[in-house]
Amino acid sequence: MLSFNIDSKESAEKLIRLCEKYRDDTETDVICGRQTVDGRSLLGVISLIGHFVTVKPQTDDKSVVERFSEDLERIK
């Protein structure tokens with residue numbers, strides 16, 4: 001699982017765009033405490049502004065997870 005700080009509307013939008021980029025390869029959960037939202041959900045991700053979240057791609061393909069992780073590091 002990967003950590004990400006959604007500290008602004010812009011960072012939320014970056015995360016959503018990243019999740020959209022991987023739409024064909026994986027579903028992505030964004031987890032904050034007991035709340036889990038779809039990484040492509042604008043309202044869901046924006047509701048988490050101001051929180052550190054866990055980003056979890058739902059795939060067994062390690063190459064997809066690795067690429068996703070590298071891209072996530074670039075947008076931090």
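Tutor: Two residues are in contact when heavy atoms lie within 4.5 Å. Keep in mind that this is a predicted model.

Student: What share of the contacts with a separation of 6 or more joins residues 24 or more positions apart?

Tutor: For this protein the share is 64%.

Student: Why is the protein called as compact as a globular protein of its length?

Tutor: Its pattern along the sequence is β-α-β-β-α-β-α. The radius of gyration is 11 Å and the globule rule gives 11 Å for 76 residues, so the protein is as compact as a globular protein of that length. The C-alpha trace spans about 30 × 25 × 20 Å along the principal axes.

Student: What makes a residue count as buried, and how many of the 76 residues in the protein do, as a percentage?

Tutor: The cut-off is under 20% relative accessible area. Buried residues are 38% of the 76.

Student: What makes a set of residues a nonpolar core, and which residues have the most contacts inside the largest one?

Tutor: Members must be buried residues of the nonpolar kinds, joined through side-chain atoms within 4.5 Å. The largest such core has 20 residues, and Ile6, Leu15 and Leu72 have the most contacts inside it. Strands E1, E2 and E4 and helices H1 and H3 each supply at least two of its residues. The largest share, 5 residues, comes from H1.

Student: Which residues is Ile6 in contact with, leaving aside its neighbours within four places in sequence?

Tutor: Among them are Ala12, Leu15, Val30, Val45, Leu48, Ile49 and Val53. Ser11, Gly50 and His51 are also in contact with Ile6.

Conventions
Residues numbered from 1 in each chain as written. Predicted model: local features only at pLDDT ≥ 70, side-chain atom pairs only at ≥ 80, totals over all residues. Heavy atoms only, no water. Helix = DSSP H or I, 4+ residues; strand = E, 2+ residues; numbered from the N terminus. Rg over C-alpha atoms; globule rule 2.2 N^0.38 Å. Buried < 20%, exposed > 50% of the residue type's maximum accessible area, 1.4 Å probe, protein only.
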